[in-house]
Amino acid sequence: MGSPWKALSDDSRRQILLLLKRKEMTPSQISEHFEFSLPAVSTHLRVLKEADLISEQKHGKNKFYSINQKQALDLLKFFENMWGYKLDSLKEFVENKEKRKNNERA
């Protein structure tokens with residue numbers, strides 16, 4: 001199994017995960033959202049699948065990919081444990097820090 005952290009290091013793979021968050025898709029459907037080839041999409045999907053970030057189901061001749069909810073939840077829990085509070089709180093902290101910095105400049 002590949003590393004989910006390495007899989008997430010690529011912006012295109014993160015974008016694919018965001019697409020799959022909404023619905024399951026075939027590689028052809030995913031490739032419509034990018035300017036690279038279908039083989040490149042397949043390579044990204046393989047990396048994501050090896051990292052257990054997505055799952056694959058065959059329906060006839062088509063392969064449908066969807067996000068692996070359990071693995072995504074495990075990653076979310078890691079960040080929550082790392083910061084010691086919910087990610088919403090982290091987002092609020094960062095936004096407030098930026099506001100204070102901007103107010104000091106003004």
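These questions and answers test some labels against their definitions.

Author: This is a predicted model, where local features need pLDDT of at least 70, side-chain atom pairs count only at pLDDT 80 or more, and totals for chains, interfaces and linings use all residues. Residues are numbered from 1 along each chain as its sequence is written, and side-chain values use heavy atoms, without hydrogens and water.

Reader: What makes Asp-74 and Lys-70 a salt bridge?
Author: The term requires a side-chain nitrogen of Lys or Arg within 4 Å of a carboxyl oxygen of Asp or Glu. The closest N and O atoms of Asp-74 and Lys-70 are 3.0 Å apart, so the pair is a salt bridge.

Reader: Why is Lys-70 called exposed?
Author: Buried is under 20% relative accessible area, exposed over 50%, and partly exposed in between (1.4 Å probe, protein chains only). Lys-70 has 57%, so Lys-70 is exposed.

Reader: Why is Asp-74 called partly exposed?
Author: Its relative accessible area is 32%, so Asp-74 falls in the partly exposed range.

Reader: How do you know that Glu-50 forms a salt bridge with Arg-46?
Author: Their closest N and O atoms are 3.7 Å apart, so they meet the cut-off. Both lie in helix 4 (residues 38-50), four residues apart, or about one helical turn.

Reader: What makes Lys-49 and Glu-56 a salt bridge?
Author: The N to O distance is 3.4 Å, so this pair qualifies as well.

Reader: Why is Glu-56 called partly exposed?
Author: Glu-56 has 26% relative accessibility, so the label partly exposed applies.

Technical notes:
Helices (H or I, at least four residues) and strands (E, at least two) are DSSP runs, numbered from the N terminus.
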